[in-house]
Amino acid sequence: MVRKLTATAALLLVSCAPQTQVPTKVRALVLSSNGEYTPTEVELKTVTDIVALEGKVARIEGNAILRLDPTDPELQAARTEEALARAMTKSAGRSVTASYITDPQGVLWPADFHTWNLVTTYYNLERAWDYFTTTLAVPQADLPQTTVHYFPEFILADVSDQPLTDNALYYPPLKSFVVLPFDTLQKAPLATNASILTHEYAHLVFNRRVYGGSAVPTALNEWAQGGSSTPGLNVLKALDEGIADYHAYVASCPTAFGCNTRVLATSFDDAAVNARDLSLNQCMSALLYRNITQSSVNVISGLEYQLGTLLANALYRSTKTEAERQTLARALVAAYSDTNTSRPGFNQLVSASIGDQNLFTLPKAAKAIVQHIPPGNVDLRQQVCTNFANALQIPLSALVGNTEYDCPASTTTTGECPALPRDP
């Protein structure tokens with residue numbers, strides 16, 4: 001369908017080099033109320049160069065060559081984040097050049113497939129940026145312009161010598177987004193999927209707040225060396241994935257399509273979409289609990305998404321209104337970092353556990369979330385506490401406390417999820 005849009009646009013008046021205005025009216029591919037992507041007139045409010053697709057939120061570059069090879073002498077010699085990025089960037093690429101056709105109303109129509117994809121990429125990132133800076137009140141200074149590597153040659157040499165395809169991600173070592181070419185995916189390109197890009201933008205926010213924006217976070221680097229058991233790392237990765245899904249869900253609610261609990265929908269097959277559907281109630285299994293607490297992240301690769309979906313479902317079930325959704329989303333961001341020693345954030349909990357990742361646990365992280373729900377939202381806190389105790393099998397004793405920020409003593413489980421046997 002995307003490729004057919006070029007023919008429609010060709011019927012309109014041609015304008016080769018449009019001037020950039022703020023905001024700029026342009027057509028992008030947006031999910032409509034009937035679940036189809038349609039060319040929709042939108043405003044890009046932060047773009048400063050509509051041809052190069054550069055602005056306050058992002059700078060898009062094409063044709064980069066990126067390679068992570070453990071045997072690369074330059075990579076081995078890198079001692080700073082800047083040196084690491086230089087070692088990985090074999091070719092920096094160049095600015096993209098978007099082509100447009102201007103209709104009689106002055107609205108820009110992308111003139112080819114890649115321009116549709118580029119414009120929609122910038123629009124989706126701008127929407128995600130606006131969600132975090134406006135709805136969740138993250139200071140704009142904390143989320144400066146980020147580079148987007150569009151269709152690069154991206155190789156992880158210890159995995160394969162073939163360039164990666166079919167993915168869109170935030171990649172901390174380069175502090176940038178990467179939108180890869182698609183090969184086997186036959187549905188909507190990942191960068192067109194607003195929920196996927198909001199999920200990835202949420203990873204950027206998590207990285208900035210929890211890891212201080214580090215290209216190689218100390219906890220991830222050191223805890224990965226945990227041998228046969230990496231419980232802290234398992235939980236940390238699950239938090240990052242699950243909370244990103246929840247942010248993508250909350251950000252989708254004001255759109256024409258409405259609240260989207262199926263973050264991967266329109267881009268992946270039904271099995272993958274259903275496995276990450278926030279609205280499908282699930283319970284912690286004995287196998288998942290054992291793997292998360294006793295296995296290495298290298299062994300359970302992928303299970304962090306299962307635990308993350310459990311967390312996202314517990315958050316989803318805790319809210320009934322738009323106000324509650326936004327309040328809980330703000331609480332999550334507040335829980336990323338808080339120097340108040342009576343209710344520390346993830347950043348502080350992780351830092352205190354660097355020497356022993358067993359000290360960073362799911363109950364501690366869950367309590368940090370609960371403690372950052374504003375005191376006046378008693379019902380919301382009660383619901384979150386109940387759903388954490390049920391779906392995540394977190395003991396009430398780890399959540400209940402004596403302050404207005406803790407789970408109240410009246411918190412009980414509902415019995416929807418069978419209690420798991422605990423280790424002696």
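Let me begin with a definition: accessible areas come from the Shrake-Rupley method with a 1.4 Å probe, and for residues only the protein chains shown count as cover. On that basis, the accessible surface of the protein chain is about 18,200 Å². Carbon and sulfur atoms own 52% of that surface.

Some ground rules. This is a predicted model, where local features need pLDDT of at least 70 and side-chain atom pairs count only at pLDDT 80 or more, while totals for chains, interfaces and linings use all residues. Residues are numbered from 1 along each chain as its sequence is written, and side-chain values use heavy atoms, with hydrogens and water left out.

Now the overall picture. The protein chain has 14 helices and 14 strands. Its radius of gyration is 22 Å, close to the 22 Å that the globule rule gives for 424 residues, so the chain is as compact as a globular protein of that length. That radius is taken over C-alpha atoms, and the rule is 2.2 Å times the number of residues to the power 0.38. Along the principal axes, the C-alpha atoms fill a box of roughly 70 × 55 × 40 Å.

A word on element names. Helices (H or I, at least four residues) and strands (E, at least two) are DSSP runs, numbered from the N terminus.

How much of the chain is buried? Of the 424 residues, 52% are. Buried means under 20% relative accessible area, exposed means over 50%, and partly exposed is in between, with a 1.4 Å probe and protein chains only. Next, contacts, meaning heavy atoms within 4.5 Å. Take those between residues at least 6 apart in sequence: 69% of them join residues at least 24 apart.

Let's go to helix α4, residues 113-135. This helix has 23 residues and reaches 32 Å from its first C-alpha to its last, close to the 33 Å expected at 1.5 Å a residue. The expected span is 1.5 Å times one less than the number of residues. α4 is mostly covered, with 18 of its 23 residues buried. What sits at the start of α4? A side-chain oxygen of Asp 112 comes to within 3.2 Å of the backbone nitrogen of His 114. After α4 comes Ala 137, with a positive phi near 60°.

Most residues other than glycine have a negative phi. Asp 166 is not a glycine, yet its phi is positive, about 55°. Asp 166 lies in the loop between β12 (153-156) and β13 (168-171), and it is buried at 16% relative accessible area. Gln 393 has a positive phi near 60°. Find Gln 393 in the segment after α14 (378-391). Its relative accessibility is 7%, which counts as buried.

Over to the strands. Two strands pair if DSSP finds at least two bridges between them. β6 (residues 65-68) pairs with β7 (residues 89-91) in the antiparallel sense, over 2 bridges. There, Ile 65 has Ser 91 as its bridge partner. β6 also runs parallel to β12, joined by 4 bridges. On that side, the bridge partner of Arg 67 is Ile 155.

Stay in β6 for Leu 68. Is Leu 68 buried or partly exposed? At 22% relative accessibility, Leu 68 counts as partly exposed. Leu 315 is 247 residues from Leu 68 in sequence and 36 Å away in space, C-alpha to C-alpha.

Two serines to finish. Ser 195 lies in helix α5, residues 194-210. Ser 195 is buried, at 7% relative accessible area. Not counting residues up to four places away, it touches Ala 248, Ser 252, Asn 260 and Val 263. Ala 265 is 70 residues from Ser 195 along the chain, and their C-alpha atoms are 8.8 Å apart.

Then Ser 353, in the loop between α12 (346-352) and α13 (362-371). Ser 353 is buried too, at 4%. A polar atom of its side chain lies 2.8 Å from the backbone oxygen of Leu 349. Setting aside neighbours within four places in sequence, Ser 353 is in contact with Trp 223, Leu 359 and Phe 360.

Definitions and conventions. A polar contact is a pair of N or O atoms within 3.5 Å; within protein, one must be able to donate a hydrogen and the other to accept it, and residues adjacent in sequence count only if both atoms are side-chain atoms.
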